[in-house]
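Hi,

Here is the structure I promised to pass on. Have a look at it first, and my notes follow below.

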Amino acid sequence: TVAVVILNWNGCSFLERFLPSVCATTYAGAEIWVADNASTDDSVAFIERTFPQVRVLRMTENRGFAGGYNNALDQIEADYFVLLNQDVAVEPDWIEPLVAASEAHPEVGAAQPKLLDEARHSHFEYAGAAGGMMDALGYPFCRGRIMDHLEEDRGQYDHETEIFWASGAALFIRAELYRKLGGLDEAFFAHMEEIDLCWRVKRAGYRILYVPGSTVYHVGGGSLDRENPKKMFLNFRNNGRMLIKNTPGARLFWLLPLRFGLDVLAALRELAAGRRDMASAAWRGSTDTWRNLRLWLRNARATQELIEANSYAPDRSQAPGWYHGSIIWQFFVRGRKTWRAVMGLE
């Protein structure tokens, strides 16, 4: 059984546009849910009026992406969960390949479909593209998307492969594993919380798959646009929290100061471009890491204990999906803008 759970916040226009495709899902074991994060628009009334087959969970406060999903999934029973953004359209048979891949391989903990841009189906979409990767300095990137460069989908990523993280825009995960590993970290509120969860999945010895036989189309920025200072703040802050939680202590000793220096350079770059609000957001997000270092070191110890209690196999966090170089160096210095170029395949 698969519970497809859409977390909605004031997304009535997105639901009108994309919920019909989700309801047309052909997988017999699928149940469609909308978890409403205390919306103030007509979302719930619209669903109840137009899609009576969709089950609705109403929450009394907006607890963000992480808290909203944890609250909703605590109340839902299924073998698999799909965390699906409100601004995603799907192909009718999108669930079958994800279930097949997971049922065939018990070591697979999570998976993601191919994410294409809803506005131009010929290109990959920013949030997940053809599967998430991680570089040695803790920068997430994707096959099919390096920084802001989006590749055209020419079939170059049409093979099933292990990745580092699955996009929260359409995250397919074993329900039991989601609960055992503590779900999404609510202290993140939103952004990078799915990467943090996937890092725990890998550390517990599970594989995460990119399954190109499943295709979805994502608008992106449905809740917060990429140019929003709040999103910049959350990305910088949560990246630091994620690194402290999941990086071995000896490596963290040199990585954190280096990342702080790179974050300062990023803030100065925004300032030089005349974007003071974005520069301020980057600075505040980065310095939060140091202000709360002790708290997150304690969190890291608790995370390690949780993973040790629920491990399936040895740590796979530096297995396929981990890039031992620097994506910043490759993109800005060497001018390599595709995953295949970064890997020396073209």
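On the surface, F253, W254 and L258 make up a nonpolar patch, and their accessible area comes to about 360 Å² together. Please keep in mind that this is a predicted model. F253 sits in helix α8, which covers residues 249-272. Its relative accessible area is 72%, and because the cut-off for exposed is over 50%, F253 counts as exposed. As background, nonpolar side chains in soluble globular proteins tend to be buried together.

Next, helix α9. This helix runs over residues 276-291, 16 residues in total, and spans 22 Å between its first and last C-alpha, close to the 22 Å expected at 1.5 Å a residue. Its buried residues are M278, A279, A281, A282, G285, S286, T287, D288 and T289. What do the buried residues of α9 pack against? Their partners are α7 (229-246), α8 and α10 (293-309).

Now to the inside. The largest nonpolar core has 79 residues, and the members that touch the most others are V5, Y69, F81, L83 and Y178. Helix α7 supplies the largest share of this core, with 7 residues.

Best wishes

Conventions:
Residues are numbered from 1 along each chain as its sequence is written. This is a predicted model: local features need pLDDT of at least 70, side-chain atom pairs count only at pLDDT 80 or more; totals for chains, interfaces and linings use all residues. Side-chain values use heavy atoms; hydrogens and water are left out. Patches are made of residues with over 30% relative accessible area and no salt bridge: like charges are joined within 9 Å, nonpolar side chains (Val, Leu, Ile, Met, Phe, Trp, Tyr) within 5 Å. Accessible areas come from the Shrake-Rupley method with a 1.4 Å probe; for residues, only the protein chains shown count as cover. A salt bridge is a side-chain nitrogen of Lys or Arg within 4 Å of a carboxyl oxygen of Asp or Glu. Helices (H or I, at least four residues) and strands (E, at least two) are DSSP runs, numbered from the N terminus. Buried means under 20% relative accessible area, exposed over 50%, partly exposed in between (1.4 Å probe, protein chains only). The expected span of a helix is 1.5 Å times one less than its number of residues. Contact means heavy atoms within 4.5 Å. A nonpolar core is a set of buried Ala, Val, Leu, Ile, Met, Phe, Trp, Tyr and Cys residues joined through side-chain atoms within 4.5 Å.
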